[in-house]
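Keep the structure open and follow along.

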Amino acid sequence: MLPSRLRNRVNALHSHTTPITAASAPVDAETLTTISAACRDHHRLRFDYRTHADGDQVRDAEPYQLVHMNRRWYLVAWDVHRGDWRTFRADRMTLRIPHGPRFTPRETPPPDLVPRGVDTALFLYRAEVTVHAPADSIKVPSAVQVDPVDDNTCIVHAGADTPHQLALHILMLNADFTVDGPPELLEELRKISARCTAADPTQPSA
C-alpha cells in the first residue's frame with residue numbers, strides 16, 4: 001500500500017541491515033534509509049564523522065551493510081582513503097549531499113569485522129587484559145575479542161566509554177588477571193580495591 005518511492009526505501013532498509021542484538025538506536029530513520037539506499041545502489045557515501053575522542057573527520061566510504069548491535073547502528077564500509085574495511089557508528093555520522101559516484105562492490109568483508117571493530121576501535125578506553133584462565137571459560141559478549149595464549153591463559157580485548165565501566169567489565173570476568181594500562185583504568189581499579197577493603201569491618205583501619 002506504500003508509494004513506490006517509499007516502498008523501495010523501506011525494502012532497502014530491510015535488505016541491507018543485519019540485527020545482531022535487538023535494541024533501539026539513537027539514529028533517525030532518514031539517516032538509516034539513506035545509508036541503506038546507498039548500500040543497495042552502490043553509491044559512495046561522504047560524511048563528517050565524530051570519533052570517540054570527539055574529533056571531526058571527513059570520510060569517503062563504499063557502504064556495504066548496516067548492523068544493529070549493542071543498542072547501536074554500525075555501518076560496515078570500505079574506507080576509500082585508508083584502503084581497508086572499517087566500521088562506523090551511524091549516530092556519529094553526518095551525511096554530506098550529494099553522495100559520491102557509484103562503485104563496483106568488493107568481496108565480502110571479514111565476518112568478524114563488526115564485533116572486533118566495535119570493541120577495539122569504537123570505545124574511548126581500551127585494554128588488553130591477560131586473564132589467567134582458559135579462553136573457552138571466559139563468558140563475554142560476542143563483541144569482545146578473546147585470544148587464547150595457552151591452555152590456562154588468554155588475552156581479553158576490553159573496551160568501554162569510561163574507566164569505571166572498563167574496570168567493572170574486567171572484574172566481571174571472575175578470574176585472576178594482569179593489566180598494564182591505560183593509567184585511568186589502573187587508578188579506577190585501585191579505587192575499587194580501596195572501597196572493597198574499607199567495606200570489610202574485619203580489616204584494620206589505615
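Start in the middle. The largest nonpolar core of this predicted model has 17 residues. A nonpolar core here is a set of buried Ala, Val, Leu, Ile, Met, Phe, Trp, Tyr and Cys residues joined through side-chain atoms within 4.5 Å. Buried means under 20% relative accessible area, exposed means over 50%, and partly exposed lies in between, with a 1.4 Å probe and protein chains only. The residues with the most contacts inside this core are Val129, Val131, Ile138, Val156, Leu166, Ile170 and Leu185. Two or more residues come from each of β7, β9, α4 and α5 (183-198). β9 gives the most, with four residues. Apart from this core lies another, of 16 residues, among them Val27, Cys39, Leu75 and Phe88.

Residues are numbered from 1 along each chain as its sequence is written, and side-chain values use heavy atoms, with hydrogens and water left out. As this is a predicted model, local features need pLDDT of at least 70 and side-chain atom pairs count only at pLDDT 80 or more, while totals for chains, interfaces and linings use all residues. Helices (H or I, at least four residues) and strands (E, at least two) are DSSP runs, numbered from the N terminus. Contact means heavy atoms within 4.5 Å. Two strands pair if DSSP finds at least two bridges between them.

Which order do its strands take? The order is β8-β9-β7-β10, in an open sheet of four strands with antiparallel pairing. β8 (145-150) and β10 stand at the edges, each with a single partner strand, so one side of each has no neighbour in the sheet. Further in, β7 (residues 125-131) and β9 (residues 153-160) pair in the antiparallel sense over seven bridges. Glutamate 128 stands opposite histidine 157 in β9.

Helix α4 (residues 163-171) lies across β7, β9 and β10. The helix runs at about 150 degrees to β9. Axes are lines fitted to C-alpha atoms, for helices over the stretch in contact, and angles run from 0 to 180 degrees between N-to-C directions. Find leucine 166. Beyond its neighbours within four places in sequence, leucine 166 is in contact with Tyr125, Arg126, Ala127, Ala158, Gly159, Ala160 and Leu185.

Move to helix α5, where glutamate 188 sits. Is glutamate 188 buried or exposed? Glutamate 188 is buried, with a relative accessible area of 12%. Leaving aside neighbours within four places in sequence, its contacts are Pro163, His164, Ala167 and Arg195. Glutamate 188 and threonine 162 are 26 residues apart in sequence and 9.9 Å apart in space, C-alpha to C-alpha.

Next, turn to β4 (residues 72-79). Eight of its eight residues are buried. Arg72, Tyr74, Val76 and Trp78 point one way from β4, and Trp73, Leu75, Ala77 and Asp79 point the other way. In a regular strand the side chains alternate between the two faces of the sheet.

β4 has partners to trace. Eight bridges join β3 (residues 56-69) to β4, and the two run antiparallel. Methionine 69 stands opposite arginine 72, and leucine 66 has leucine 75 as its bridge partner. Six bridges join β4 to β5 (residues 84-89), again antiparallel. Here tyrosine 74 stands opposite arginine 89. β4 and β5 form a hairpin with four residues between them. In the turn, glycine 83 has a positive phi of about 65 degrees.

Follow β3 to β2 (residues 45-50). These two pair in the antiparallel sense over six bridges, with alanine 61 in β3 as the bridge partner of leucine 45. In β3, 10 of the 14 residues are buried, so the strand is largely enclosed by the rest of the structure.

Step back to the whole chain. Its secondary structure comes to five helices and 10 strands. Of its 206 residues, 39% count as buried.

Finish with confidence. pLDDT is the predictor's confidence in each residue, from 0 to 100. The chain has a mean pLDDT of 81, and 78% of its residues reach 70 or more. Over residues 12-25, pLDDT stays under 50. Where pLDDT is low, the predicted coordinates should not be read in detail.
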